[in-house]
Structure formats: structure tokens, C-alpha cells
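I opened the notebook to go through one chain from its record annotation down to single side chains. The entries follow the order in which I looked things up.

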Amino acid sequence: MLRNRRGQMNTGEQSPVSTHHESTQEDDRLSEGDSQSLNGTSAQHDQGIYSPNNEAQSTAFFLLVVLLSFSTRLYKIMEPPHVCWDETHFGKMGSYYINRTFFFDVHPPLGKMLIGLAGYMTGYDGTYPFLKPGDRYEHHNYWGMRGFCASLGSCLPPFAYLTVLELSQSPTAALITAAVLAFDTGCITISQYILLDPILMFFIMGAVLSMVKFNRQRYRPFSTPWWFWLVLTGVNLSGALGVKFVGLFVILLVGMNTAWDLWSLLGDLHLSLIDFGKHVLSRVFGLILLPLFLYVTIFAVHFVVLNKSGPGDGFFSSAFQSRLIGNNLHNASMPEYLAYGSIITVKNLRIAGGYLHSHWHLYPEGVGAKQQQVTAYLHKDYNNMWLVHRSNDSDAQSGEPDLVRHGDIIQLEHKETTRNLHSHLHEAPLTKKHFQVTGYGINGTGDPNDLWQVEVCGGRKGDLVKVLRSKVRFLHRATGCVLYSSGKTLPKWGWEQVEITCSPYLKETPNSQWNIEDHINTKLPNISLSVLKPHFLEILLESHIVMIRGNSGLKPKDNEMNSKPWHWPINYQGLRFSGVNETEYRVYLLGNPVIWWLNLVSLGLYVVMVAVASLALRRGVQLDKRRIGRKHCRVLMEGGGLLLLGWLLHYVPFYTMGRILYYHHYFPAMLFSSMLTGITLDTLLQSADLWLRPPYSDWLLRGGQAMLFLAILDSFYMFHPLSYGMRGPLAHDPDSTMAGLKWMDSWEF
């Protein structure tokens with residue numbers, strides 16, 4: 001009977017039995033009767049804790065936050081009227097969706113799809129080239145894409161307000177959080193342009209808000225609100241991951257929260273194992289199966305929309321390219337299996353690995369043997385053609401030619417120059433531990449260093465080599481090395497094409513794997529390549545492999561600025577979005593220093609305050625007659641702990657990443673830091689009566705709140721030109737609008 005009453009209980013009222021049961025649990029945990037849980041199930045609240053009496057106040061605060069958020073983000077949305085920073089990438093990708101042209105990006109497609117949809121719905125025709133930052137938009141309609149990103153960015157302060165209100169039950173804490181985000185110049189700037197970041201942060205905050213709302217429904221399991229917030233959490237998780245792989249961090253946060261929730265339910269002896277199983281299955285559906293289905297659906301739409309050949313073709317396998325209208329492999333026909341006497345092109349399977357290529361030019365003096373260059377070329381070209389011969393030159397036949405099999409020894413003759421693919425013990429041009437690959441001989445006549453053994457990856461002796469589909473390696477018979485595309489760009493003498501080597505390291509990698517793309521043999525019957533097209537799960541898997549490799553390949557180049565994770569919380573250095581000199585319209589991505597340093601101080605304060613609160617609760621300090629009570633301490637530890645975990649999950653992993661990093665990568669973590677600041681500072685101000693008596697404690701509380709909000713507003717007034725544009729002298733000039741505000745030498749405005 002008790003379990004049934006808990007399942008039907010409303011968050012705002014309790015039955016006597018339920019109240020007594022919860023009070024008993026609180027007696028056990030806190031050595032004091034306290035019938036209110038963190039989720040606010042009691043009608044009694046300490047001063048400063050949210051109650052129905054100040055619901056009107058919290059609603060008014062929320063409407064104010066919405067107004068301020070949208071007005072600060074949509075102000076001057078059309079300025080500057082030229083391409084800024086990464087708009088050159090994501091605006092162009094939005095155009096690709098409108099034109100249905102296939103492209104490659106290291107991020108999942110949802111963000112770019114939404115940008116393209118926003119542009120299409122607001123009249124943009126997809127014709128602007130987005131060539132480089134600084135190019136003027138002229139007559140092209142770009143406001144829709146910027147406005148869409150700004151609108152999603154405008155939702156962040158209201159979402160944060162509602163999240164902190166749910167965690168703390170304090171409108172003041174929620175308002176502090178919202179003010180910090182609404183008046184942060186960094187959050188404003190990153191929301192006003194055609195970028196993925198506001199879309200990503202929208203889904204991250206949506207997931208966190210939905211999770212917290214769902215936690216509030218724990219005493220109403222399987223009710224309509226309970227299911228609504230559970231499903232909405234899953235939808236937002238799929239959205240976050242569908243924009244960037246950084247969405248994995250919020251998935252981990254929700255997963256840890258869910259595991260703790262289930263662990264608590266398992267310890268409830270009033271809950272039967274059957275009911276517990278229902279809880280587990282419902283969460284598996286809402287937080288795993290539904291997001292996975294939506295995530296896969298995003299890619300299904302992506303592949304259907306982008307059905308025309310484009311700049312992304314070369315990053316994918318030949319089989320993948322055969323799907324794309326306009327690609328030379330689309331609806332083509334050729335022999336299905338590789339045979340002797342065939343003319344072929346051979347494509348490397350690493351990202352942008354290129355086609356096996358040769359030309360008349362020789363390696364220069366001092367670079368291995370002065371023989372014909374063999375490279376990898378990223379574009380389709382006549383010099384990519386090779387003839388397949390037997391090792392004993394006996395492939396001329398009157399009937400149907402023999403097929404090449406796993407383990408066969410072959411020669412590859414370059415069709416244009418008639419030289420054989422060759423290797424020897426000379427070191428490679430750039431990869432010094434590898435051997436040089438050259439073109440050698442004439443009219444197919446060479447030496448034993450021209451012999452290569454065909455190996456079908458995962459195959460057995462006698463297996464056939466299938467066009468497009470088989471992954472093959474070419475093992476050099478004389479040296480035992482494997483044909484390899486290093487990915488390194490040759491100097492001018494190599495026409496800046498990609499280095500080809502023979503690697504003595506035989507581990508299977510995409511660099512040493514190849515597939516047969518073009519295949520010409522008049523003695524064999526042709527088949528339509530449509531029968532070789534990969535199915536959906538294959539292209540889904542391949543696209544993820546290519547994206548992951550692309551992300552890992554984003555290494556800092558020589559003399560390229562690479563931001564460090566420790567730079568971010570201290571606001572060490574920003575990013576130029578637009579303009580450099582005093583004659584240009586300048587926008588500089590930099591967080592409001594007062595707000596960012598306040599967040600940093602609040603992190604330290606939080607740790608100290610949690611330690612003090614834990615000791616106070618452990619020692620049984622009487623707090624009930626103070627403004628700050630046990631409930632505040634629990635809000636600080638449990639609600640604040642959740643936000644601290646979110647900050648750590650979205651920040652610490654960047655220390656382990658080898659890819660190039662930028663300042664804007666910190667902004668998802670900054671959302672959690674700002675919400676933690678709201679709870680920490682509100683709790684600190686509420687504790688004024690711990691060392692002062694009324695009315696002095698009340699004066700300190702109100703004065704502290706007023707000073708905090710004034711400091712936020714004043715700092716926004718000082719630094720707002722960073723977001724809304726600067727013209728004229730630079731900051732070091734006394735006549736500059738930013739004169740005296742360059743507080744760190746590393747800032748570049």
C-alpha cells in the first residue's frame with residue numbers, strides 16, 4: 001500500500017504515510033527529522049528556497065532572462081556583412097545540403113543539416129561560395145542561418161535558469177546563472193555566427209535540463225510528465241551527438257546520473273524487482289534505443305539528401321563513391337574480378353590517400369635512386385592507370401584471361417610510361433625508415449625488384465580480388481615490405497603530391513590497404529556497379545571511420561596557433577572572428593573577463609564550501625535557525641556536485657587529446673561552470689547570518705546581490721565591443737574604444 005501511494009504522490013503534496021516514511025529515512029541519514037528531499041517534496045521551505053509563494057517572482061525572472069538573452073544575441077545580427085571565421089566552412093556546408101552535393105566533415109551531420117535547412121527556409125539559394133573570411137555577402141541572404149544559430153544560442157540562459165532553479169529551488173541562484181551567461185561576451189559572439197557551437201550547446205543544455213526535470217518526477221514514475229522528460233532527454237542526447245562527438249560527454253553525464261538513480265531504486269526495499277525491471281527497461285528505451293535510432297536516422301537523411309558527387313568523394317572508398325550521381329563510378333559497368341591483362345586504377349584507403357600515380361619526372365639527385373617518381377595523387381588522372389601482368393610476363397592469351405588471386409605474384413606496369421612499379425633498399429624521400437618506390441624498366445621489362453605479391457585482407461589463398469569491395473595489400477617480394485601511402489606531401493620536385501613508400505612494418509593499416517577502382521578488360525564481361533554498392537550499415541560504419549580518422553588527423557601545423565586547455569578557464573587568449581587592423585571591422589571571441597574569472601574563483605569557493613558543509617553536517621551543527629540550513633548544504637553538495645561533474649567531463653578530456661585545440665572548445669564546459677557559480681554565490685550570500693546578526697546580515701545579503709549584478713552589467717558595458725564590433729584604433733591607442741581594457745598581453749584586440 002505504501003509503494004502504491006509513493007507511485008501516485010504529487011511533488012507538491014504528500015500523504016501522511018509517505019511523509020512519515022520519508023522523515024524516517026531522513027532521520028537515519030541526517031540524525032534529524034527532515035521530511036523534504038532534494039526534489040522539494042515538502043511544502044515547508046527555508047527562507048530563500050523556492051515555494052509557491054514566490055512562483056510569480058521566478059516567472060518574472062524567467063521572462064526577463066528570455067528578453068535579455070534574445071536581445072543580446074539578435075542585436076546587430078547582420079553585422080559584419082561578410083564571412084567571419086568558420087562561417088567559411090559551415091556556411092559552405094549548409095550550401096552543399098541545399099544543392100545536394102556530397103562533402104566530408106569530421107563532425108556528424110545534424111548541425112550542418114539544420115544550418116542548410118534554416119538557409120533554405122529563409123530564402124537562401126545555396127549559391128554563395130564561402131571562399132574565405134572577409135568575403136562580402138553582397139546580395140546573398142545570410143541572415144536566416146545566422147538568426148537560426150543566434151536563436152538557439154539565445155535559449156542557453158533560459159535553459160540554465162530553469163536547470164539551476166530545479167537544482168537549488170532558489171530564483172536568486174537561477175538569476176545569477178542567467179545573468180552570467182546572458183552578459184558574457186564570449187557566449188554572445190559564438191552564438192551570432194553560422195557555427196556549430198550554439199547548436200551543440202543548445203542540445204547539451206536541453207539534455208541537462210530534461211535530465212534534471214526527469215529527476216524531479218522520481219516520485220511519479222511512469223506518469224505522463226515522467227515519460228515526457230525521459231524521452232526529451234534521449235532526443236537531446238541524440239541531437240548533441242549528431243552535431244559533434246563532444247556530445248559523448250553529456251551522454252556520459254546522463255549515464256552516470258541514471259546509474260546512480262537506478263542504484264538508489266535498487267536499494268528501495270518497498271520497490272519490487274518487477275517494478276525495478278520496468279524502471280531499467282524504460283531507461284534503456286528512452287536513453288539508449290531512442291537516441292540511437294534518432295542518431296542513425298540523422299545519417300539516413302544525410303545520405304539521402306547528399307546524393308550528388310562533390311568535394312567529399314575522395315575521402316571515401318570507391319564503393320561508397322559509386323552511390324553518388326555524377327561520379328564516374330555511378331551506374332558504371334566493369335568486370336567484377338581483377339584479371340591479368342587488365343588496366344586498373346588503385347586507390348589507397350587512408351583519408352585522402354590518393355591514387356597510385358606516376359609520371360615522367362625523376363627523383364632528384366640525392367633522393368634515393370634517380371629513377372621515375374611514384375606518388376599518390378588525390379585526383380582522377382590518366383597517369384593513375386596501371387597494367388596488371390603475371391610475374392613471368394606470360395599473360396597474353398587468346399581466351400578469357402586468368403583471374404588474379406590472393407597470394408599471386410604480379411607486376412604493375414605504368415600505362416603511360418611503361419615502367420614497372422619497383423622498390424629497393426634506398427630510403428624513402430621523407431619517411432626515412434621506409435624504402436623508396438620508383439618506376440623502373442621499359443615496356444614492362446625490369447628486374448626481380450618489380451615483383452609484388454597480392455594479399456586480400458582477411459582472405460585465404462585462392463580468393464579472388466573483387467573490384468571496389470576487396471581491400472588488398474601489395475607485398476614486395478625482394479625486401480618483404482608493403483606498398484604504403486605515408487600521407488606526407490612531397491616538395492616542389494614531387495609536384496606536392498603524396499609520398500609513396502614501401503614500409504617494412506607489416507601491420508595492416510589504411511595506409512597500406514588499397515582497392516581496385518577503375519577496371520578495364522575487354523575480354524571479361526562487365527557487370528553494373530550497382531550490384532556492388534554498399535548497403536546502409538556499411539556506409540554508416542565507413543562514414544564514422546572516416547570522421548574518427550579525420551579528427552585524429554587534425555594535428556597542429558608548423559607555426560599554427562594551438563590553444564592549450566589550461567588557457568581556457570583563465571581566459572588567456574581569444575580568437576579573431578573578423579578583422580585585424582584598425583581600418584577593418586573587428587570582432588574578437590573572448591569571454592567577459594569579470595565573469596570568467598568569477599567562474600574560476602567560484603570553482604575554488606565551491607570546493608571549500610562543500611568541505612565546510614560536510615564537516616558541519618558530520619558534526620551535527622545546528623543550522624535550522626539560520627537562513628542557510630541543511631537543505632542549502634544538500635543543494636550545494638548534490639546539485640552543485642552534478643554541475644561540477646558536468647564541468648569536469650566537458651573539460652578534462654581535452655588534456656588527453658592529440659588533435660589541434662581551439663579556445664571555443666571550452667564553451668560547453670563554461671555552461672556548467674556558470675551554473676555552478678549561481679549555486680555557489682547564492683549559497684555564500686545566504687550564509688551572511690552565520691557571522692552577522694539581523695538586520696546586518698540582511699543588508700549584507702542584499703548589498704552583495706546588488707554589487708554582483710552591477711559588476712556583471714558594468715563589465716558587459718565595458719567589453720561589449722568585442723561582440724558587437726570595433727572600428728578605429730586598436731586597444732593600445734588611447735583613442736580606442738577598448739583603451740585600458742587589454743588586461744592581458746595575450747589578448748589580441
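**Entry 1: annotation.** I began with the UniProt record, an unreviewed entry, which places the feature "transmembrane region" at residues 102–123, 172–193, 199–215, 227–254, 284–305, 594–615 and 635–654. The model I compared it with is predicted. I took two of these spans and looked up their secondary structure. Residues 284–305 are 100% helix and 0% strand, and the end C-alpha atoms of this span lie 30 Å apart. Residues 635–654 are 85% helix and 0% strand, with end C-alpha atoms 29 Å apart.

**Entry 2: whole chain.** I then looked up the totals. The chain has 20 helices and 16 strands. Of its 749 residues, 57% are buried. Counting contacts with a separation of 6 or more, I find that 74% are between residues 24 or more positions apart. The chain exposes about 32,000 Å², and carbon and sulfur atoms supply 61% of that area.

Entry 3: I repeated the check on helix 10.

**Entry 4: salt bridges.** How many salt bridges does a search of the whole structure find? The search returns 17.

- D197 pairs with K244, and their closest N and O atoms are 3.7 Å apart. The pair links distant parts of the chain, 47 residues apart: D197 is in helix 10 (residues 197–216), and K244 is in the loop between helix 11 (224–243) and helix 12 (247–266). D197 counts as buried because its relative accessible area is 6%, under the 20% limit. K244 is buried as well, also with a relative accessible area of 6%.
- D261 pairs with R283, with the closest N and O atoms 2.7 Å apart. This pair also links distant parts of the chain, from D261 in helix 12 to R283 in helix 13 (residues 273–305), 22 residues apart. Both D261 and R283 are buried.
- K432 pairs with E427, with the closest N and O atoms 3.6 Å apart. K432 is partly exposed at 48% relative accessible area, and E427 is partly exposed at 43%.

I also noted that E166, K213 and R216 are joined into one network by salt bridges that share partners.

**Entry 5: P291.** I looked up a proline in helix 13, namely P291. Is P291 buried or exposed? Its relative accessibility is 9%, so P291 counts as buried. Setting aside neighbours within four places in sequence, I find P291 in contact with G234, S238, F285 and G286. The C-alpha atoms of P291 and G239 are separated by 8.2 Å, although these residues are 52 residues apart along the chain.

**Entry 6: surface.** Last, I looked for nonpolar side chains on the outside. Which residues form a nonpolar patch on the surface? The patch consists of L684, L690, W691, L692, Y696, W699 and L700, with about 720 Å² of accessible area together. Helix 19 (residues 696–719) gives the most to the patch, with 3 residues. W691 sits in the loop between helix 18 (667–686) and helix 19. I record W691 as exposed because its relative accessible area is 53%, over the 50% limit.

Conventions:
Residues are numbered from 1 along each chain as its sequence is written. This is a predicted model: local features need pLDDT of at least 70, side-chain atom pairs count only at pLDDT 80 or more; totals for chains, interfaces and linings use all residues. Side-chain values use heavy atoms; hydrogens and water are left out. Helices (H or I, at least four residues) and strands (E, at least two) are DSSP runs, numbered from the N terminus. Buried means under 20% relative accessible area, exposed over 50%, partly exposed in between (1.4 Å probe, protein chains only). Contact means heavy atoms within 4.5 Å. Accessible areas come from the Shrake-Rupley method with a 1.4 Å probe; for residues, only the protein chains shown count as cover. Patches are made of residues with over 30% relative accessible area and no salt bridge: like charges are joined within 9 Å, nonpolar side chains (Val, Leu, Ile, Met, Phe, Trp, Tyr) within 5 Å. A salt bridge is a side-chain nitrogen of Lys or Arg within 4 Å of a carboxyl oxygen of Asp or Glu. UniProt positions are given in the numbering used here, feature names are shortened, and annotations may be inferred rather than shown by experiment.
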